[in-house]
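Student: I am new to this structure. Please show me how to read its features, one at a time.

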Amino acid sequence: MKGEHNNLKRLINYIKSKIKIFFKKVLKSPLKNDCIILSNNCIAALLYNDYCMKFNSPTINLQIMPDEFVRFCGNLRFYLNSDLVEDKNIDMNIYKDFHREGNPFPIAKLEDITIYFQHYDTFEDAKLAWSRRCNRVLKMVEDGYTVNVILIVKSCSKEMENNFSILPIKSKKIITLDEQDESSAERIKGLRGDDDWYSFMPGFTLKKYYEQINFIEWLKKKK
């Protein structure tokens with residue numbers, strides 16, 4: 001019974017995805033193609049895809065631990081200019097956290113920061129994409145484009161909230177998945193069962209959980 005339910009859920013999500021792709025192709029994007037979005041997980045890539053924008057960010061299809069991501073954003077030019085090095089001393093148990101035990105992915109070091117390229121096949125592919133996008137973003141930063149930062153955490157501690165708030169970046173959002181969180185972070189609500197923050201919400205809607213956050217108005221605002 002559970003297997004049938006999961007198959008039905010996958011089918012519904014597949015249909016929703018196809019419908020969403022159709023509307024994305026026929027509707028004009030509400031955002032300009034000049035947004036820099038840095039994130040600790042795949043939310044940047046999802047927003048770029050949702051609004052048909054160019055990947056003006058190196059943080060695409062990867063994951064950085066929250067505390068290290070805050071450090072990355074706090075010294076952005078230094079890290080964007082640093083050399084990405086493959087981490088070959090990997091504890092294979094790390095892949096359990098990503099549910100990828102049988103399908104390892106490249107992991108790299110950027111100075112004192114670990115980057116998990118879980119949607120790349122090889123380190124060479126990951127480094128090529130990372131370097132190309134870093135160069136693009138560095139030029140945009142020098143030209144005065146606004147840097148937008150999104151940090152998604154399971155739960156937001158007071159220390160994390162404080163460290164994030166003092167980042168030298170004006171346009172930033174911290175989002176928690178914990179509805180009982182006492183921080184001032186914005187919340188993604190209503191996650192059920194094995195749903196993730198990027199899953200479709202239940203019922204007759206094409207909305208995903210993360211779309212509870214009004215990213216469009218935030219990114220459109222003149223900073």
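**Reading the fold**

Tutor: Begin with helix H2: its buried residues are Ile43, Ala44, Ala45, Leu46, Leu47, Tyr48 and Asp50. This is a predicted model, where local features need pLDDT of at least 70, side-chain atom pairs count only at pLDDT 80 or more, and totals for chains, interfaces and linings use all residues. Residues are numbered from 1 along each chain as its sequence is written, and side-chain values use heavy atoms, with hydrogens and water left out.

Student: What do "buried" and "helix" mean here?

Tutor: Buried means under 20% relative accessible area, exposed means over 50%, and partly exposed lies in between (1.4 Å probe, protein chains only). Helices (H or I, at least four residues) and strands (E, at least two) are DSSP runs, numbered from the N terminus.

Student: How many of the eight residues of H2 are buried?

Tutor: Seven of the eight are, and H2, spanning residues 43-50, is mostly covered.

Student: Why does Cys52 count as partly exposed?

Tutor: Because its relative accessibility is 48%. Now look across the chain. Cys52 and Ile216 are 164 residues apart along the sequence, and their C-alpha atoms are separated by 13 Å.

Student: How do I describe two aromatic rings?

Tutor: Use the distance of the centres and the angle of the planes. Rings of Phe, Tyr and Trp (its six-membered ring) pair if their centres lie within 6.5 Å; planes under 30 degrees apart are stacked, over 60 edge-to-face, and the rest tilted. That rule gives ten aromatic pairs here. One of them is Phe72 with Tyr79, a tilted pair with centres 5.9 Å apart and 40° between the planes.

Student: Are Phe72 and Tyr79 buried or exposed?

Tutor: Phe72 has a relative accessible area of 0%, so Phe72 is buried. Tyr79 is buried as well, at 4%. Phe72 also pairs with Trp130, again tilted: 6.2 Å between centres, 50° between planes.

Student: Which parts of the chain does the pair of Phe72 and Trp130 link?

Tutor: Distant ones. Phe72 sits in helix H3 (residues 66-74) and Trp130 in helix H6 (residues 123-142), 58 residues apart. Trp130 is buried too, because its relative accessibility is 2%.

Student: How do I read two packed helices?

Tutor: Compare their axes, which are lines fitted to C-alpha atoms, for helices over the stretch in contact; angles run from 0 to 180 degrees between N-to-C directions. H3 and helix H7 (residues 158-165) pack with axes 10 Å apart, at about 15°. The pair is therefore roughly parallel. The classes are: under 35 degrees roughly parallel, over 145 roughly antiparallel, 65 to 115 roughly perpendicular, and the rest oblique.

Student: What is the strand order in the sheet?

Tutor: It is S2-S3-S4, an open sheet of three strands with antiparallel pairing. Strand S2 (84-86) and S4 are at the edges, each with a single partner strand, so one side of each has no neighbour in the sheet. On average, neighbouring strands are turned by 35° against each other, direction ignored. Two strands pair if DSSP finds at least two bridges between them.

Student: How many bridges join S3 to S4?

Tutor: Four, and strand S3 (residues 107-110) runs antiparallel to S4. Ile107, for one, has Tyr116 of S4 as its bridge partner.

Student: What lies between S3 and S4?

Tutor: Two residues separate the strands of this hairpin, and Glu111 takes a positive phi near 55° there. At a relative accessible area of 46%, Glu111 is partly exposed.

Student: Where do the side chains of a strand point?

Tutor: In a regular strand they alternate between the two faces of the sheet. In S4 (residues 113-116), Ile113 and Ile115 point one way, Thr114 and Tyr116 the other. All four are buried.
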